[in-house]
Amino acid sequence: MKKLGLLFSIFISLISFGQNESQIDPRLLANKEVGSKAAEYFSTDPEQYNFLLFELENAYFVRSMAEVTENQKAQLLSIEDIQTADGVKFDPTILADPATFNFHLYNFQRSQTKTVGYDLGNGNVLVFYSTEKLRLMHSQKSSN
């Protein structure tokens, strides 16, 4: 009877472990480095994991080029060299449906302290908040 109880306990443990892994947002797993962090944070630091999820939804926005100052335009990066790890070039039309856009798939440059913008070449600019700004936004959201 003890062996049956032990086998049942092991079976339940394996099932719960498998379920934990499947709860990690698949968008985070699309990038090896981010996926590794997400898996670690998922089990050890839920607040950091929640920040990664917040970042997926809030790290960027699209703005019309007409809303950008001349000084900001001079600092825009080109979208030409942005691609996936497999070499697939970034297509700005993906931004039409934010639910399908995962910036972790691409080699965008982002900054800890500065906002970074990309000229999409279609009259729009893709803007990434700095990590500092995102952390502030996340803490304000979490405290409300």
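This section describes the fold and the salt bridges of a predicted model.

The protein chain contains 6 helices and 4 strands. Read from the N terminus, the order of elements is α-α-α-α-β-α-β-β-β-α. The chain comprises 144 residues, of which 31% count as buried.

A search of the whole structure returned 7 salt bridges.

Arg110 sits in the loop between strand S2 (77-78) and strand S3 (116-119), whereas Glu55 belongs to helix H4 (residues 46-58), so the contact ties together parts that are 55 residues apart in sequence. The two partners were also compared by accessibility. Glu55 has a relative accessibility of 7% and therefore counts as buried, the cut-off being under 20%. Arg110, at 28%, counts as partly exposed.

A salt bridge also joins Arg27 to Asp25, with the closest N and O atoms 2.8 Å apart. Asp25 is buried, at 16% relative accessibility. Arg27 is partly exposed, with a relative accessible area of 25%. Both residues take part in a network of salt bridges, in which Asp25 and Arg27 are linked with Glu57.

Lys73 and Glu70 form a further bridge, and here the closest N and O atoms lie 3.4 Å apart. This pair is placed within one element. Both residues lie in helix H5 (residues 70-74). They are 3 residues apart, about one turn of the helix. Glu70 is exposed, with a relative accessible area of 60%. Lys73 is partly exposed, at 30%.

The Lys73 and Glu70 pair stays inside helix H5. The Arg110 and Glu55 pair instead connects a loop with helix H4. Asp25 counts as buried, as does Glu55, whereas Glu70 is exposed.

Terms used:
Residues numbered from 1 in each chain as written. Predicted model: local features only at pLDDT ≥ 70, side-chain atom pairs only at ≥ 80, totals over all residues. Heavy atoms only, no water. Salt bridge = Lys/Arg side-chain N within 4 Å of Asp/Glu carboxyl O. Buried < 20%, exposed > 50% of the residue type's maximum accessible area, 1.4 Å probe, protein only. Helix = DSSP H or I, 4+ residues; strand = E, 2+ residues; numbered from the N terminus.
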